[in-house]
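Keep the sequence and the 3D view handy as you read.

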Amino acid sequence: IALAPVSALVWGYDQIKDFVDNKVTEKLQNVPEENIVTPPPHVAGPALESLRYTGSIDELKELYANLLASSLDSATTRDAHPSFVEIIKQLSSDEAKLLTALISTNAEPAATIRNNREDSSGGRDQFKNFTVLGERVGVKDYSRIPNHLDNLSRLGLIEIPESYALIGEGVYKHIDEHPFVESIVDAINKEEGRKSEVVHKTILVTGLGRQFINTCVNDHRNNVQ
């Protein structure tokens, strides 16, 4: 009984055909007709199959639409890597939203709040990789952001080096003074024998990540010259 509603969300042939006829065609509206090509079957086939189970999720549906449009456009078909289907299948809707915040940048500030011993003999990460990327795109649950970033890193789309901070006055000011960060810092500093440390980090988009974002996240209509 609990699974019954899921069956209603699984797309059939008619829904997938309607998606291609409307959503994907819309992405190709500015592409010259002579540039429309038959897409690689190992990209288009798995993408259409995956829509059966993700077509009801708007954020993922958008990624598939851009991927299919890219594979149909002779100017971008080489960028439609077959692994992108599997990557989209392993994204949550919030992770897809976070990627939209990286369309126009390759590096974003982040910070890890450490809970250290006052005698500097050790410590632990109290909160890893805080970023305001979520605020920009409507991901409001801060507690889940580190997990989302871990998954994006696992998929090879981003990396967060242990010792790499952006240079520039005020780059981390909005993070250091963020109420969420300040609340964790205050809580740590109230613990006996403990002291907080905010370690500046950087979220870097990888080469594969940039290709994925340009192909699947950025609206294909923006790629048409």
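## The sheet

Strand β1 (residues 107-117) teams up with β2 in the antiparallel sense, over 5 bridges. Here strands are DSSP runs of E with at least two residues, helices are runs of H or I with at least four, and both are numbered from the N terminus. Two strands pair if DSSP finds at least two bridges between them. Before we go on: this is a predicted model, where local features need pLDDT of at least 70, side-chain atom pairs count only at pLDDT 80 or more, and totals for chains, interfaces and linings use all residues. Residues are numbered from 1 along each chain as its sequence is written, and side-chain values use heavy atoms, leaving out hydrogens and water.

Which residue stands opposite Asn115 in β2? That's Arg124. Ala111 has its bridge partner in β2 as well, namely Phe130. In the hairpin of β1 and β2 there are 5 residues between the strands, and Ser120 takes a positive phi near 60 degrees.

## Middle and edges

β1 also pairs with β4, again in the antiparallel sense, over 11 bridges. Put together, you get an open sheet of 4 strands in the order β2-β1-β4-β3, with antiparallel pairing. β2 and β3 (158-159) sit at the edges with a single partner strand each, so one side of each has no neighbour in the sheet. Helix α10 (residues 179-189) packs on the sheet and touches β1, β2 and β4 (194-205). The direction of α10 makes about 150 degrees with that of β4. Touching, or contact, means heavy atoms within 4.5 Å. Angles run from 0 to 180 degrees between N-to-C directions, and axes are lines fitted to C-alpha atoms, for helices over the stretch in contact.

How many of the 11 residues of β1 are buried? The count is 8, so β1 is largely enclosed by the rest of the structure. Buried means under 20% relative accessible area, exposed means over 50%, and partly exposed is in between (1.4 Å probe, protein chains only).

## Rings that meet

A search of the whole structure turns up 7 aromatic pairs. One of them is Phe130 with Tyr142, a tilted pair at 5.6 Å centre to centre and 50 degrees between the planes. Rings of Phe, Tyr and Trp (its six-membered ring) pair if their centres lie within 6.5 Å; planes under 30 degrees apart are stacked, over 60 edge-to-face, and the rest tilted.

This pair links distant parts of the chain: Phe130 belongs to strand β2 (residues 123-130), while Tyr142 is in the loop between α7 (133-137) and α8 (145-154), 12 residues apart. Phe130 is buried at 1% relative accessible area, whereas Tyr142 is partly exposed at 21%. Ring pairs join Phe127, Phe130, Tyr142 and Phe180 into a cluster.

## Crossing helices

α4 and helix α11 (residues 207-217) pack at about 95 degrees, with their axes 7 Å apart. That's why they count as roughly perpendicular (65 to 115 degrees; under 35 is roughly parallel, over 145 roughly antiparallel, and the rest oblique). On the α4 (residues 58-72) side, Asn66 is among the residues making the contact, and on the α11 side they include Phe212 and Thr215.

Is Asn66 buried or exposed? Asn66 is buried, with a relative accessible area of 0%. A polar atom of the Asn66 side chain lies 2.9 Å from the backbone nitrogen of His220.

Notes:
A polar contact is a pair of N or O atoms within 3.5 Å; within protein, one must be able to donate a hydrogen and the other to accept it, and residues adjacent in sequence count only if both atoms are side-chain atoms.
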